[in-house]
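Dear colleague,

I am handing over a structure that you have not worked with before, and I would be glad if you kept it open while reading. My notes on what was found in it follow below.

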Amino acid sequence: MYAGYAAIENKFTGNTTIGIVMTNACFDKSRLCKIAGMAQNGLARSIRPVHTSADEDSVYAMSVGSVQANMDMVGTLAADVMSEAILSAVKNAETAYGYISANDFLTEY
């Protein structure tokens, strides 16, 4: 995408990244939305390009417990974990569907 600036009508498709943050802390819907928004920063740290008009990148958050916690701390940690999860997925992926994995690419070259 960075190589050219020509207008392309039908951009690349199928590039959606979906993530979820699950916490055992007790948060209401509005705080969970904020945490999910903060976790989106993890996508931006690890995926380029991200949040373009051609994809539907999205992160959701859910509360499954009753522990009291600081929303900002949970959101900050969620962004870190999201970024690390993406990097781990890339490093551990296997070649499939004609796309070479990072591991196989590094082994070949």
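Which residue in E2 stands opposite threonine 23? The model is a predicted one, and in it the residue that faces threonine 23 is serine 63. Threonine 23 itself belongs to strand E1, and it counts as buried because its relative accessibility is 11%, which falls under the 20% that marks the limit for buried residues. If residues up to four places away in sequence are left aside, threonine 23 touches Met62, Ser63, Val64, Gly65 and Val74.

Strand E1 covers residues 18-25 and strand E2 covers residues 58-67, and the two run parallel, joined by seven bridges. Another of the pairings between them sets valine 21 against alanine 61, its bridge partner in E2. Helix H1, which spans residues 29-46, makes a right-handed β-α-β unit together with E1 and E2.

Isoleucine 18, which lies in strand E1, counts as exposed because its relative accessibility is 63%, and the limit for exposed residues is over 50%.

Isoleucine 18 is also one of the residues in a nonpolar patch on the surface, where Ile18, Ile20, Met22, Tyr60, Met62 and Val64 together have about 640 Å² of accessible area. The elements that give two or more residues to this nonpolar patch are E1 and E2.

As for charged pairs, side chains of opposite charge can pair when their charged atoms come close. A search of the whole structure finds two salt bridges, and I describe each of them here.

- Aspartate 28 forms a salt bridge with arginine 31, with the closest N and O atoms 3.3 Å apart. Aspartate 28 counts as partly exposed because its relative accessibility is 38%, and arginine 31 is likewise partly exposed, with a relative accessible area of 41%.
- Aspartate 80 forms a salt bridge with arginine 45, and here the closest N and O atoms are 2.6 Å apart. This pair links distant parts of the chain, since aspartate 80 sits in helix H2 (residues 71-92) and arginine 45 in helix H1, 35 residues apart. Aspartate 80 counts as partly exposed at 37% relative accessibility, and arginine 45 counts as partly exposed at 41%.

Finally, some totals for the protein as a whole. Of its 109 residues, 28% are buried, and the protein exposes about 7,900 Å², of which carbon and sulfur atoms supply 57%. Among the contacts with a separation of 6 or more, 78% are accounted for by residues 24 or more positions apart.

Notes:
Residues are numbered from 1 along each chain as its sequence is written. This is a predicted model: local features need pLDDT of at least 70, side-chain atom pairs count only at pLDDT 80 or more; totals for chains, interfaces and linings use all residues. Side-chain values use heavy atoms; hydrogens and water are left out. Two strands pair if DSSP finds at least two bridges between them. Helices (H or I, at least four residues) and strands (E, at least two) are DSSP runs, numbered from the N terminus. A crossover is right-handed if, with the strands pointing away from the viewer, the path from the first strand over the helix to the second runs clockwise. Buried means under 20% relative accessible area, exposed over 50%, partly exposed in between (1.4 Å probe, protein chains only). Contact means heavy atoms within 4.5 Å. Accessible areas come from the Shrake-Rupley method with a 1.4 Å probe; for residues, only the protein chains shown count as cover. Patches are made of residues with over 30% relative accessible area and no salt bridge: like charges are joined within 9 Å, nonpolar side chains (Val, Leu, Ile, Met, Phe, Trp, Tyr) within 5 Å. A salt bridge is a side-chain nitrogen of Lys or Arg within 4 Å of a carboxyl oxygen of Asp or Glu.
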